[in-house]
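Subject: Structure for your review

Dear colleague,

Please find the structure below, followed by an account of what was found in it.

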Amino acid sequence: MASWMAARGRVALQRWLPNTLFGRLALLLIVTVIASHVLALTLMFELRPAHPERPPGPPPHWGVAEGRPLPPPDQPPHGERPGFWNAPPSLQLGLLLDIGVRLAALVAVAWWAARWLSRPMHRLATAAQQLGRDINRPPLPEDGTLECRDASRVFNQMQARIRQQLAERDRFVAAVSHDLRTPLTRLRLRTESLGDARAQQLFRRDIAEMDAMITSTLDYLRGVAGAEAWALLDVRALADSLADDQLALGHRVSVAGQAAPLRAQAVALRRCLDNLVGNAIRYGGSAEITLHDAADALTVEVRDHGPGLPPEELERVMEPFYRVEASRNRQSGGAGLGLTIASDIARRHGGQLVLRNAAGGGLVAAATFPRKAA
(Lines give C-alpha, C1' and ligand atoms only; values in the text may rest on other atoms or scores of the structure.)
Protein backbone atom coordinates (compact mmCIF):
# COMPACT_ATOMS: atom_id res chain seq x y z
CA MET A 1 0.00 0.00 0.00
CA ALA A 2 2.80 2.39 0.93
CA SER A 3 4.66 1.69 -2.32
CA TRP A 4 1.46 2.21 -4.31
CA MET A 5 0.86 5.56 -2.63
CA ALA A 6 4.48 6.57 -3.23
CA ALA A 7 4.14 5.65 -6.91
CA ARG A 8 0.91 7.65 -7.18
CA GLY A 9 2.64 10.58 -5.48
CA ARG A 10 5.54 10.48 -7.93
CA VAL A 11 3.14 10.37 -10.88
CA ALA A 12 1.21 13.34 -9.53
CA LEU A 13 4.45 15.25 -8.92
CA GLN A 14 5.62 14.56 -12.47
CA ARG A 15 2.33 15.91 -13.82
CA TRP A 16 2.56 19.06 -11.70
CA LEU A 17 6.22 19.86 -12.43
CA PRO A 18 7.15 21.85 -15.56
CA ASN A 19 8.00 19.76 -18.60
CA THR A 20 11.28 21.43 -19.63
CA LEU A 21 14.65 22.09 -18.01
CA PHE A 22 14.06 25.85 -18.26
CA GLY A 23 10.70 25.56 -16.51
CA ARG A 24 12.06 23.44 -13.69
CA LEU A 25 15.06 25.72 -13.19
CA ALA A 26 12.82 28.80 -13.13
CA LEU A 27 10.50 27.10 -10.63
CA LEU A 28 13.45 26.21 -8.40
CA LEU A 29 14.74 29.78 -8.39
CA ILE A 30 11.34 31.22 -7.56
CA VAL A 31 10.73 28.73 -4.75
CA THR A 32 14.23 29.32 -3.38
CA VAL A 33 13.83 33.10 -3.24
CA ILE A 34 10.43 32.89 -1.59
CA ALA A 35 11.51 30.25 0.91
CA SER A 36 14.70 32.09 1.85
CA HIS A 37 12.80 35.34 2.47
CA VAL A 38 10.10 33.65 4.51
CA LEU A 39 12.62 31.72 6.60
CA ALA A 40 14.84 34.76 7.21
CA LEU A 41 11.90 36.96 8.27
CA THR A 42 10.56 34.21 10.50
CA LEU A 43 13.88 33.87 12.30
CA MET A 44 14.20 37.62 12.70
CA PHE A 45 10.79 37.88 14.34
CA GLU A 46 11.26 34.78 16.48
CA LEU A 47 14.74 35.64 17.74
CA ARG A 48 14.42 39.43 18.24
CA PRO A 49 14.96 40.60 21.86
CA ALA A 50 11.83 41.44 23.86
CA HIS A 51 11.31 45.12 24.79
CA PRO A 52 10.37 45.81 28.42
CA GLU A 53 7.13 47.58 29.17
CA ARG A 54 7.56 51.36 29.21
CA PRO A 55 6.38 53.00 32.46
CA PRO A 56 3.49 55.46 32.23
CA GLY A 57 4.27 59.11 31.81
CA PRO A 58 6.45 61.08 29.47
CA PRO A 59 9.26 59.17 27.79
CA PRO A 60 12.38 59.33 29.94
CA HIS A 61 14.63 60.02 26.97
CA TRP A 62 12.93 63.29 26.08
CA GLY A 63 14.38 66.46 27.52
CA VAL A 64 15.54 69.94 26.68
CA ALA A 65 19.13 70.81 26.02
CA GLU A 66 20.05 74.27 24.86
CA GLY A 67 16.46 74.96 23.92
CA ARG A 68 15.82 71.87 21.67
CA PRO A 69 14.57 68.30 22.35
CA LEU A 70 17.08 65.49 22.91
CA PRO A 71 16.88 62.57 20.44
CA PRO A 72 15.96 59.13 21.74
CA PRO A 73 18.98 57.13 22.94
CA ASP A 74 18.55 54.47 20.16
CA GLN A 75 18.88 57.10 17.39
CA PRO A 76 22.20 58.53 16.17
CA PRO A 77 23.04 62.17 16.99
CA HIS A 78 22.00 64.88 14.58
CA GLY A 79 24.15 64.96 11.41
CA GLU A 80 25.52 61.37 11.80
CA ARG A 81 24.25 58.81 9.29
CA PRO A 82 23.16 55.45 10.72
CA GLY A 83 25.37 52.42 9.81
CA PHE A 84 25.61 48.74 10.50
CA TRP A 85 28.26 49.03 13.21
CA ASN A 86 26.36 51.90 14.90
CA ALA A 87 23.14 49.89 14.93
CA PRO A 88 21.95 48.15 18.09
CA PRO A 89 23.20 44.57 18.64
CA SER A 90 19.72 43.18 18.06
CA LEU A 91 19.57 44.78 14.60
CA GLN A 92 23.07 43.54 13.74
CA LEU A 93 22.12 39.99 14.73
CA GLY A 94 18.97 40.16 12.64
CA LEU A 95 20.82 41.36 9.56
CA LEU A 96 23.48 38.67 9.93
CA LEU A 97 20.82 36.01 10.34
CA ASP A 98 19.01 37.31 7.26
CA ILE A 99 22.15 37.17 5.09
CA GLY A 100 23.30 33.80 6.44
CA VAL A 101 19.95 32.08 6.04
CA ARG A 102 19.47 33.39 2.50
CA LEU A 103 22.98 32.35 1.48
CA ALA A 104 22.68 28.90 3.04
CA ALA A 105 19.28 28.31 1.44
CA LEU A 106 20.48 29.42 -2.00
CA VAL A 107 23.64 27.28 -1.83
CA ALA A 108 21.81 24.18 -0.60
CA VAL A 109 19.03 24.38 -3.17
CA ALA A 110 21.45 25.24 -5.98
CA TRP A 111 23.57 22.18 -5.15
CA TRP A 112 20.56 19.89 -4.99
CA ALA A 113 19.08 21.38 -8.16
CA ALA A 114 22.33 20.92 -10.05
CA ARG A 115 22.43 17.24 -9.11
CA TRP A 116 18.76 16.82 -9.95
CA LEU A 117 19.08 18.41 -13.38
CA SER A 118 22.38 16.69 -14.24
CA ARG A 119 21.33 13.18 -13.18
CA PRO A 120 19.69 12.34 -16.57
CA MET A 121 22.80 13.52 -18.43
CA HIS A 122 25.00 11.40 -16.17
CA ARG A 123 22.76 8.42 -16.80
CA LEU A 124 22.97 8.99 -20.55
CA ALA A 125 26.79 9.26 -20.43
CA THR A 126 27.05 6.04 -18.40
CA ALA A 127 24.80 4.23 -20.86
CA ALA A 128 26.92 5.45 -23.78
CA GLN A 129 30.08 4.09 -22.12
CA GLN A 130 28.45 0.72 -21.44
CA LEU A 131 27.12 0.48 -24.99
CA GLY A 132 30.60 -0.16 -26.35
CA ARG A 133 31.01 -3.21 -24.09
CA ASP A 134 27.47 -4.59 -24.24
CA ILE A 135 25.33 -3.72 -27.22
CA ASN A 136 22.46 -5.77 -25.73
CA ARG A 137 22.23 -3.76 -22.51
CA PRO A 138 18.70 -2.79 -21.36
CA PRO A 139 17.31 0.39 -22.97
CA LEU A 140 17.25 3.65 -21.05
CA PRO A 141 14.00 4.56 -19.26
CA GLU A 142 12.27 7.37 -21.14
CA ASP A 143 11.28 9.60 -18.24
CA GLY A 144 12.17 13.02 -16.83
CA THR A 145 11.94 16.31 -18.67
CA LEU A 146 11.01 16.66 -22.32
CA GLU A 147 14.68 17.06 -23.33
CA CYS A 148 15.73 14.00 -21.32
CA ARG A 149 12.92 11.89 -22.77
CA ASP A 150 13.88 12.91 -26.30
CA ALA A 151 17.57 12.14 -25.66
CA SER A 152 16.75 8.75 -24.13
CA ARG A 153 14.41 7.89 -26.98
CA VAL A 154 17.03 8.79 -29.61
CA PHE A 155 19.68 6.80 -27.71
CA ASN A 156 17.42 3.74 -27.56
CA GLN A 157 16.65 4.04 -31.27
CA MET A 158 20.37 4.26 -32.05
CA GLN A 159 21.06 1.16 -29.94
CA ALA A 160 18.29 -0.76 -31.70
CA ARG A 161 19.63 0.22 -35.14
CA ILE A 162 23.16 -0.84 -34.17
CA ARG A 163 21.88 -4.22 -32.97
CA GLN A 164 19.96 -4.65 -36.23
CA GLN A 165 23.02 -3.77 -38.32
CA LEU A 166 25.23 -6.17 -36.36
CA ALA A 167 22.68 -8.95 -36.79
CA GLU A 168 22.58 -8.28 -40.54
CA ARG A 169 26.37 -8.30 -40.64
CA ASP A 170 26.49 -11.65 -38.86
CA ARG A 171 24.07 -13.11 -41.40
CA PHE A 172 26.14 -11.64 -44.23
CA VAL A 173 29.37 -13.06 -42.80
CA ALA A 174 27.81 -16.50 -42.43
CA ALA A 175 26.58 -16.43 -46.02
CA VAL A 176 29.92 -15.19 -47.39
CA SER A 177 31.82 -17.77 -45.36
CA HIS A 178 29.78 -20.58 -46.89
CA ASP A 179 29.95 -19.18 -50.41
CA LEU A 180 33.73 -18.69 -50.32
CA ARG A 181 34.67 -21.98 -48.72
CA THR A 182 32.67 -24.05 -51.20
CA PRO A 183 34.89 -23.22 -54.24
CA LEU A 184 37.99 -23.58 -52.07
CA THR A 185 36.93 -27.12 -51.20
CA ARG A 186 36.44 -27.91 -54.89
CA LEU A 187 39.89 -26.52 -55.67
CA ARG A 188 41.46 -28.74 -53.03
CA LEU A 189 39.78 -31.79 -54.50
CA ARG A 190 40.89 -30.90 -58.03
CA THR A 191 44.43 -30.28 -56.80
CA GLU A 192 44.68 -33.86 -55.56
CA SER A 193 43.99 -35.10 -59.10
CA LEU A 194 46.88 -33.21 -60.65
CA GLY A 195 49.66 -35.38 -62.05
CA ASP A 196 52.44 -32.82 -61.60
CA ALA A 197 53.73 -32.96 -58.03
CA ARG A 198 55.29 -29.47 -58.16
CA ALA A 199 52.12 -27.89 -59.58
CA GLN A 200 50.15 -29.70 -56.92
CA GLN A 201 52.38 -28.21 -54.22
CA LEU A 202 52.03 -24.70 -55.65
CA PHE A 203 48.24 -25.01 -55.84
CA ARG A 204 48.10 -26.23 -52.24
CA ARG A 205 50.17 -23.28 -51.05
CA ASP A 206 48.00 -20.76 -52.93
CA ILE A 207 44.81 -22.35 -51.61
CA ALA A 208 46.16 -22.36 -48.05
CA GLU A 209 47.12 -18.68 -48.34
CA MET A 210 43.69 -17.79 -49.74
CA ASP A 211 42.00 -19.79 -47.01
CA ALA A 212 44.05 -17.99 -44.33
CA MET A 213 43.17 -14.58 -45.78
CA ILE A 214 39.47 -15.43 -45.95
CA THR A 215 39.52 -16.81 -42.41
CA SER A 216 41.25 -13.69 -41.06
CA THR A 217 38.83 -11.36 -42.83
CA LEU A 218 35.73 -13.24 -41.71
CA ASP A 219 37.03 -13.52 -38.16
CA TYR A 220 37.65 -9.78 -38.11
CA LEU A 221 34.12 -9.06 -39.31
CA ARG A 222 32.60 -11.58 -36.93
CA GLY A 223 34.73 -11.17 -33.82
CA VAL A 224 33.91 -7.62 -32.76
CA ALA A 225 30.16 -8.19 -32.71
CA GLY A 226 30.29 -11.63 -31.08
CA ALA A 227 28.67 -11.70 -27.65
CA GLU A 228 30.74 -13.63 -25.12
CA ALA A 229 30.31 -14.06 -21.38
CA TRP A 230 32.71 -12.41 -18.94
CA ALA A 231 34.58 -14.60 -16.44
CA LEU A 232 37.61 -14.53 -14.14
CA LEU A 233 40.62 -15.85 -16.04
CA ASP A 234 44.08 -16.96 -14.98
CA VAL A 235 46.12 -14.92 -17.44
CA ARG A 236 49.42 -16.59 -16.47
CA ALA A 237 47.95 -20.02 -17.23
CA LEU A 238 46.60 -18.68 -20.53
CA ALA A 239 50.05 -17.33 -21.47
CA ASP A 240 51.70 -20.65 -20.51
CA SER A 241 49.21 -22.51 -22.69
CA LEU A 242 50.00 -20.28 -25.67
CA ALA A 243 53.73 -20.75 -25.09
CA ASP A 244 53.33 -24.56 -24.94
CA ASP A 245 51.40 -24.54 -28.22
CA GLN A 246 54.14 -22.56 -29.95
CA LEU A 247 56.91 -24.69 -28.42
CA ALA A 248 55.21 -27.77 -29.85
CA LEU A 249 55.55 -26.15 -33.28
CA GLY A 250 59.25 -25.49 -32.74
CA HIS A 251 59.03 -21.80 -31.82
CA ARG A 252 60.80 -20.21 -28.82
CA VAL A 253 58.34 -18.49 -26.47
CA SER A 254 59.05 -17.52 -22.86
CA VAL A 255 56.68 -16.28 -20.15
CA ALA A 256 57.61 -14.07 -17.17
CA GLY A 257 55.66 -12.36 -14.41
CA GLN A 258 52.53 -13.16 -12.41
CA ALA A 259 48.98 -11.80 -12.53
CA ALA A 260 45.87 -12.02 -10.39
CA PRO A 261 42.70 -13.34 -12.08
CA LEU A 262 41.31 -10.88 -14.63
CA ARG A 263 37.66 -10.52 -15.53
CA ALA A 264 37.59 -10.83 -19.30
CA GLN A 265 36.18 -12.71 -22.30
CA ALA A 266 38.14 -15.95 -22.50
CA VAL A 267 38.07 -16.64 -26.24
CA ALA A 268 38.64 -13.00 -27.17
CA LEU A 269 41.57 -12.58 -24.75
CA ARG A 270 43.22 -15.78 -25.96
CA ARG A 271 42.83 -14.65 -29.55
CA CYS A 272 44.33 -11.25 -28.73
CA LEU A 273 47.42 -12.76 -27.13
CA ASP A 274 47.68 -15.46 -29.80
CA ASN A 275 47.74 -12.79 -32.52
CA LEU A 276 50.46 -10.85 -30.72
CA VAL A 277 52.57 -13.95 -30.14
CA GLY A 278 52.08 -15.14 -33.73
CA ASN A 279 53.00 -11.71 -35.02
CA ALA A 280 56.20 -11.72 -32.93
CA ILE A 281 57.19 -15.20 -34.15
CA ARG A 282 56.41 -14.39 -37.79
CA TYR A 283 58.57 -11.26 -37.91
CA GLY A 284 61.05 -11.83 -35.07
CA GLY A 285 61.52 -15.58 -34.86
CA SER A 286 60.62 -15.75 -31.13
CA ALA A 287 58.41 -14.14 -28.52
CA GLU A 288 58.83 -13.01 -24.92
CA ILE A 289 55.61 -12.62 -22.89
CA THR A 290 55.86 -10.46 -19.75
CA LEU A 291 52.99 -9.81 -17.33
CA HIS A 292 52.94 -6.53 -15.38
CA ASP A 293 50.16 -6.64 -12.79
CA ALA A 294 48.83 -3.65 -10.83
CA ALA A 295 45.79 -2.86 -8.71
CA ASP A 296 44.00 -0.99 -11.51
CA ALA A 297 45.20 -2.75 -14.67
CA LEU A 298 47.08 -5.68 -16.15
CA THR A 299 49.61 -5.09 -18.92
CA VAL A 300 50.73 -7.95 -21.16
CA GLU A 301 53.87 -7.21 -23.19
CA VAL A 302 54.91 -9.37 -26.14
CA ARG A 303 58.38 -8.66 -27.49
CA ASP A 304 60.15 -9.97 -30.57
CA HIS A 305 63.74 -9.54 -31.79
CA GLY A 306 62.92 -8.63 -35.36
CA PRO A 307 63.70 -5.44 -37.32
CA GLY A 308 61.10 -3.35 -35.51
CA LEU A 309 59.11 -0.60 -37.19
CA PRO A 310 59.71 3.01 -38.20
CA PRO A 311 58.27 5.38 -35.57
CA GLU A 312 55.72 6.80 -38.01
CA GLU A 313 54.34 3.30 -38.69
CA LEU A 314 53.71 2.22 -35.07
CA GLU A 315 50.07 3.32 -35.15
CA ARG A 316 49.32 2.75 -38.82
CA VAL A 317 50.09 -0.99 -38.68
CA MET A 318 47.01 -1.45 -36.47
CA GLU A 319 44.75 -0.28 -39.28
CA PRO A 320 42.89 -3.05 -41.18
CA PHE A 321 44.80 -4.63 -44.09
CA TYR A 322 47.79 -2.33 -43.65
CA ARG A 323 51.30 -3.79 -43.93
CA VAL A 324 54.76 -2.26 -44.00
CA GLU A 325 56.15 -3.71 -47.22
CA ALA A 326 59.79 -3.17 -46.26
CA SER A 327 59.66 -5.66 -43.39
CA ARG A 328 56.23 -7.31 -43.51
CA ASN A 329 55.29 -8.66 -46.91
CA ARG A 330 52.87 -11.28 -48.17
CA GLN A 331 55.60 -13.91 -48.42
CA SER A 332 56.06 -13.92 -44.65
CA GLY A 333 52.34 -14.49 -44.12
CA GLY A 334 49.48 -12.48 -42.72
CA ALA A 335 46.72 -10.37 -44.19
CA GLY A 336 47.27 -7.23 -42.11
CA LEU A 337 44.52 -7.99 -39.58
CA GLY A 338 46.31 -9.57 -36.62
CA LEU A 339 47.19 -6.33 -34.83
CA THR A 340 43.84 -4.80 -35.79
CA ILE A 341 41.92 -7.65 -34.16
CA ALA A 342 44.15 -7.52 -31.07
CA SER A 343 43.62 -3.77 -30.75
CA ASP A 344 39.84 -4.15 -31.11
CA ILE A 345 39.76 -6.82 -28.39
CA ALA A 346 41.81 -4.64 -26.04
CA ARG A 347 39.42 -1.73 -26.63
CA ARG A 348 36.44 -4.01 -26.03
CA HIS A 349 37.93 -4.76 -22.60
CA GLY A 350 38.28 -1.05 -21.89
CA GLY A 351 42.04 -0.98 -22.56
CA GLN A 352 44.37 -0.32 -25.46
CA LEU A 353 47.20 -1.80 -27.49
CA VAL A 354 50.38 0.25 -27.84
CA LEU A 355 53.40 -0.62 -30.01
CA ARG A 356 56.93 0.61 -29.38
CA ASN A 357 60.43 -0.29 -30.49
CA ALA A 358 62.51 -2.03 -27.85
CA ALA A 359 65.76 -0.50 -26.68
CA GLY A 360 67.84 -3.50 -27.70
CA GLY A 361 66.02 -4.03 -30.99
CA GLY A 362 62.72 -5.60 -31.89
CA LEU A 363 59.11 -4.59 -31.32
CA VAL A 364 57.11 -4.55 -28.06
CA ALA A 365 53.31 -4.87 -28.19
CA ALA A 366 51.81 -3.81 -24.83
CA ALA A 367 48.12 -4.65 -24.27
CA THR A 368 46.58 -3.03 -21.19
CA PHE A 369 43.41 -4.43 -19.61
CA PRO A 370 41.84 -2.29 -16.84
CA ARG A 371 40.41 -4.29 -13.96
CA LYS A 372 37.50 -1.89 -13.40
CA ALA A 373 36.30 -1.96 -17.03
CA ALA A 374 34.27 -5.17 -16.63
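D245 and R270 form a salt bridge, with their closest N and O atoms 2.8 Å apart; a salt bridge here is a side-chain nitrogen of Lys or Arg within 4 Å of a carboxyl oxygen of Asp or Glu. D245 belongs to helix 6 (residues 235–248) and R270 to helix 7 (residues 266–284), so this pair ties together parts that are 25 residues apart in sequence. Helices (H or I, at least four residues) and strands (E, at least two) are DSSP runs, numbered from the N terminus. D245 is partly exposed at 39% relative accessible area, and R270 is partly exposed at 30%. In these terms, buried means under 20% relative accessible area, exposed over 50%, and partly exposed in between (1.4 Å probe, protein chains only).

Please note that this is a predicted model, in which local features need pLDDT of at least 70 and side-chain atom pairs count only at pLDDT 80 or more, while totals for chains, interfaces and linings use all residues. Residues are numbered from 1 along each chain as its sequence is written, and side-chain values use heavy atoms, with hydrogens and water left out.

The count of salt bridges comes to eight. Side chains of opposite charge can pair when their charged atoms come close.

E192 and R204 meet through their side chains in a salt bridge of 2.9 Å, N to O. Since E192 lies in helix 4 (residues 146–192) and R204 in helix 5 (residues 197–223), the pair ties together parts that are 12 residues apart in sequence. R204 is partly exposed, its relative accessible area being 42%.

A salt bridge also joins R356 to E301, where the closest N and O atoms are 3.1 Å apart. R356 is in strand 8 (residues 352–357) and E301 in strand 7 (residues 297–303), so parts that are 55 residues apart in sequence are tied together by this pair. R356 is partly exposed at 37%, whereas E301 is buried at 19%.

Turning to the cysteines, the number of disulfides (pairs of cysteine sulfur atoms within 2.5 Å) is zero. C148 is buried, with a relative accessible area of 3%, and C272 is buried at 0%.

A colleague
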